[in-house]
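Q: I am new to this structure and would like to go through it step by step. Could we begin with the charged side chains?

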Amino acid sequence: MIRDRGKMKWQSAFFMPEHVKMLKDIQIDANKTSKPQLDEQQLEEIQIVIMESLDYTLPIKISTWENGFTNHMTAIVDNLDMIKKEIRVEIQSDYEMKCIHIEKIIAAERT
């Protein structure tokens with residue numbers, strides 16, 4: 001007597017580590033986004049918010065884009081280095097200093 005399995009497909013019981021890594025990489029690549037293009041008005045607004053934080057030590061929310069992913073942090077701008085094109089910020093959640101390249105910033109808003 002032959003049993004009909006219908007449309008059930010065979011599944012492998014074992015994946016090689018290379019296959020697992022490839023599947024994870026595919027999932028990560030699927031979640032990546034492209035860097036948003038900012039117009040002059042948006043760049044000017046980011047500059048104003050950063051300068052206010054630098055002058056008055058106000059916390060701001062900074063959004064950065066790196067390798068296809070957007071990161072958000074609340075920080076106070078400590079220093080602005082136009083030669084290196086970096087800003088040094090003090091992150092509010094863990095009180096550490098971090099340098100952020102200006103080109104990576106996609107948004108800055110007052111908290």
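A: We may start with arginine 110, which is partly exposed at a relative accessible area of 47%. Here buried means under 20% relative accessible area, exposed over 50%, and partly exposed in between (1.4 Å probe, protein chains only). This is a predicted model: local features need pLDDT of at least 70, side-chain atom pairs count only at pLDDT 80 or more, and totals for chains, interfaces and linings use all residues. Residues are numbered from 1 along each chain as its sequence is written, and side-chain values use heavy atoms, with hydrogens and water left out.

Q: What does glutamate 52 form with arginine 110?

A: Glutamate 52 and arginine 110 form a salt bridge, with the closest N and O atoms 2.7 Å apart. A salt bridge is a side-chain nitrogen of Lys or Arg within 4 Å of a carboxyl oxygen of Asp or Glu. This pair links distant parts of the chain, since glutamate 52 is in helix H2 and arginine 110 in strand S5, 58 residues apart. Helices (H or I, at least four residues) and strands (E, at least two) are DSSP runs, numbered from the N terminus. Glutamate 52 is partly exposed, at 25%.

Q: Which side chain meets glutamate 45 in a salt bridge?

A: That of arginine 110, at 3.5 Å from N to O. Glutamate 45 lies in helix H2 (residues 40-56) and arginine 110 in strand S5 (residues 105-110), so this pair ties together parts that are 65 residues apart in sequence. Glutamate 45 counts as partly exposed, at 36% relative accessibility.

Q: And how many salt bridges are there in the whole structure?

A: A search finds 6. Another of them joins the side chains of lysine 104 and glutamate 66, at 3.4 Å from N to O. Lysine 104 is in the loop between strand S4 (96-101) and S5, while glutamate 66 is in strand S1 (residues 60-66), so the two tie together parts 38 residues apart in sequence. Salt bridges that share partners also join Glu45, Glu52 and Arg110 into one network.

Q: Back to H2, then. Which of its residues are buried?

A: Ile46, Val49, Ile50 and Ser53 are buried in H2. They cover an arc of only 95 degrees around the axis, which puts them on the same side of H2; the arc is that of the directions from the helix axis to the C-beta atoms. The buried residues of H2 pack against S1, S2, S3 and S5, where contact means heavy atoms within 4.5 Å.

Q: What does the face turned away from the buried side of H2 carry?

A: That face of H2 carries the exposed residues Glu40, Gln41, Gln47, Asp55 and Tyr56.

Q: Changing topic: which residue just after H2 takes a positive phi?

A: Threonine 57 does, with a phi of about 45 degrees. Most residues other than glycine have a negative phi. Asparagine 67 also has a positive value, near 55 degrees, and is placed in the loop between S1 and strand S2 (69-81). Asparagine 67 counts as exposed, at 57% relative accessibility. Lysine 85 has a positive phi near 55 degrees and is found in the loop between S2 and strand S3 (86-91).

Q: Last one: which residues make the nonpolar surface patch?

A: Phe15, Val20, Met22, Leu23 and Ile26 make this patch of about 470 Å². Patches are made of residues with over 30% relative accessible area and no salt bridge: like charges are joined within 9 Å, nonpolar side chains (Val, Leu, Ile, Met, Phe, Trp, Tyr) within 5 Å. Accessible areas come from the Shrake-Rupley method with a 1.4 Å probe; for residues, only the protein chains shown count as cover. Phenylalanine 15 lies in the segment before helix H1 (17-31).
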